[in-house]
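Colleague: Hi! Could you walk me through this protein in plain words?
Modeller: Happy to, let's take a look together.

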Amino acid sequence: MEQLEYRLFDEQKNFPALYHFKSIDKDEVMVRFLADYLVKDGVVYEKTSNAIEVPLYIIYVKLSEDEKPLLNNRLSKAATGYIVLEIREFIEYASEYPVITNLEFTSLSDLALLAQCNYLTLGGVEWEKTSFEVDEDRQRYVLYAIKTR
């Protein structure tokens, strides 16, 4: 098991730790390193960078100025037995992003493959990924995408 820490990207405050995970699976660290955003405790954080200070994995974040957390549809991994990826249509300046689909995975490595893609096709429609987030408040991962055609 690995250790992961989220730190506020604030040099004047000496990069204070926000969240610390003392025992986290390496695949979970990998997926979190891929994420552009973290939603936790009603706050949206944007990733600025990540680092490794053996044995600690670190993700530096700042408060997101534009994004607000989604507050509906809580679904836990424990309740379904699967890892949930919610795919939403990104619409500039919208307050809500329509759900395109929910996908369920049995492994974080399968989720990581999809999170790394630039394009995916769902129901014959091609989508381009705009961002990927870890939403701890709703216990799921979220991928935002726009139609390519």
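Modeller: One term to start with: buried means under 20% relative accessible area, exposed means over 50%, and partly exposed is in between, using a 1.4 Å probe and protein chains only. Keep in mind that this is a predicted model, where local features need pLDDT of at least 70, side-chain atom pairs count only at pLDDT 80 or more, and totals for chains, interfaces and linings use all residues. Residues are numbered from 1 along each chain as its sequence is written, and side-chain values use heavy atoms, with hydrogens and water left out.

Colleague: Great, so is Y144 buried or exposed?
Modeller: Y144 counts as buried, because its relative accessibility is 6%. Y144 sits in strand β10.

Colleague: How do you decide what a strand is?
Modeller: Strands (E, at least two residues) and helices (H or I, at least four) are DSSP runs, numbered from the N terminus.

Colleague: And what is Y144 in contact with, leaving aside its neighbours within four places in sequence?
Modeller: Contact means heavy atoms within 4.5 Å. With those neighbours left aside, Y144 is in contact with L70, R88, F90, Y97, E128, K129, T130, S131 and E133. G81 is 63 residues from Y144 along the chain, and their C-alpha atoms are separated by 23 Å.

Colleague: Let's zoom out. How many helices and strands does the protein have?
Modeller: There are 3 helices and 10 strands. Along the sequence they follow the pattern β-β-α-β-β-β-α-β-β-α-β-β-β.

Colleague: What is the radius of gyration?
Modeller: For the protein it is 15 Å, which agrees with the value near 15 Å for a compact globule of 149 residues. That radius is taken over C-alpha atoms, and the globule rule is 2.2 Å times the number of residues to the power 0.38. Along the principal axes, the C-alpha atoms fill a box of roughly 45 × 35 × 25 Å. Of the 149 residues, 40% count as buried.

Colleague: Now the helices. How do α1 and α3 cross?
Modeller: The axes of α1 (residues 26–34) and α3 (residues 108–116) come within 9 Å and cross at roughly 15 degrees. Here axes are lines fitted to C-alpha atoms, for helices over the stretch in contact, and angles run from 0 to 180 degrees between N-to-C directions. The two helices are therefore roughly parallel to each other; angles under 35 degrees count as roughly parallel, over 145 as roughly antiparallel, 65 to 115 as roughly perpendicular and the rest as oblique.

Colleague: Which residues meet there?
Modeller: From α1 they are D27, E28, M30, V31 and L34, and from α3 they are L108, S109, L111, A112, A115 and Q116. By class, that contact has 7 nonpolar, 2 polar and 2 charged residues. Nonpolar covers Ala, Val, Leu, Ile, Met, Phe, Trp, Tyr, Cys and Pro, charged covers Asp, Glu, Lys and Arg, and the others, Gly among them, are polar.

Colleague: Changing topic, where is the cis peptide bond?
Modeller: It runs from V54 to P55, with omega near 10 degrees. P55 lies in the loop between β4 (43–53) and β5 (56–63).

Colleague: And what about phi of F15?
Modeller: Phi of F15 is near 50 degrees, a positive value in a residue other than glycine. F15 is in the loop between β1 and β2 (17–24), and counts as partly exposed because its relative accessibility is 24%.
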